[in-house]
Amino acid sequence: MEIFGEWGYIGLFIGTFLAATVIPFSSEFLIVGILIAGYSPLISCIVATLGNWLGGLTSYWLGYAGKWEWLERWFGISKERLEGQQRAIERWGAFIALFCWAPIVGDLFAVALGFYRLNFLRCSIYMFIGKAIRFAVWSILYAYYGEAFLNLFN
């Protein structure tokens with residue numbers, strides 16, 4: 001994680017991209033680290049949002065490439081269970097992508113949205129909005145509360 005901080009905005013972009021894929025780590029630590037290092041909250045928010053959004057879209061496309069047969073054969077998931085999950089996903093539709101920022105389940109949402117072939121454009125818009133709000137909150141907290149915000153991490 002330190003290497004991402006040493007690379008500045010490029011490191012933030014790469015780190016938030018990877019954090020939105022199936023690689024498990026938190027992009028909150030990356031944005032907080034870059035803000036503590038003195039980088040611009042606005043630019044950090046933009047870079048983190050773009051990196052995390054593109055990583056989420058990558059997870060969507062990984063799901064899109066998946067096949068039902070693979071899950072049935074390799075993971076023993078029945079067709080009935082997959083159909084039940086599909087009905088649940090379709091009930092909420094692309095709106096679920098708004099929550100792709102959430103730790104742990106967010107990446108699974110992105111993969112599921114692709115796997116069940118929900119509308120890419122709608123999913124990508126909602127995903128962008130959710131991720132932008134996430135990083136905007138962190139950047140605003142830092143911009144307005146500076147030292148008090150940093151004390152939360154000490």
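Trainee: Which hand is the crossing of α2 and α4?

Mentor: The crossing of α2 and α4 is right-handed. That term applies if the near helix is turned clockwise from the far one, and left-handed if anticlockwise by less than a right angle.

Trainee: At what angle do they pack?

Mentor: Helix α2 (residues 8–19) and α4 pack at about 35°, with axes 7 Å apart. Axes are lines fitted to C-alpha atoms over the stretch in contact, and angles run from 0 to 180 degrees between N-to-C directions.

Trainee: Which residues make the contact?

Mentor: From α2, they include Tyr9, Leu12 and Phe13. From α4, Ile43, Val47 and Gly51 are among them. Contact means heavy atoms within 4.5 Å.

Trainee: And by class?

Mentor: The contact of α2 with α4 has 10 nonpolar, 6 polar and no charged residues. Gly counts as polar, and Ala and Tyr as nonpolar.

Trainee: Is this predicted or experimental, and how are things counted?

Mentor: It is a predicted model: local features need pLDDT of at least 70, side-chain atom pairs count only at pLDDT 80 or more, and totals for chains, interfaces and linings use all residues. Residues are numbered from 1 along each chain as its sequence is written, and side-chain values use heavy atoms, with hydrogens and water left out.

Trainee: Where is confidence lowest?

Mentor: In helix α1 (residues 2–6), at a mean pLDDT of 61. The highest is α4, at 96. pLDDT is the predictor's confidence in each residue, from 0 to 100.

Trainee: What caps the N-terminal end of α4?

Mentor: Ser40 does. A side-chain oxygen of Ser40 lies 3.3 Å from the backbone nitrogen of Leu42.

Trainee: New topic: what follows α6?

Mentor: Gly93, with a positive phi near 65°.

Notes: A polar contact is a pair of N or O atoms within 3.5 Å; within protein, one must be able to donate a hydrogen and the other to accept it, and residues adjacent in sequence count only if both atoms are side-chain atoms. Helices (H or I, at least four residues) and strands (E, at least two) are DSSP runs, numbered from the N terminus.
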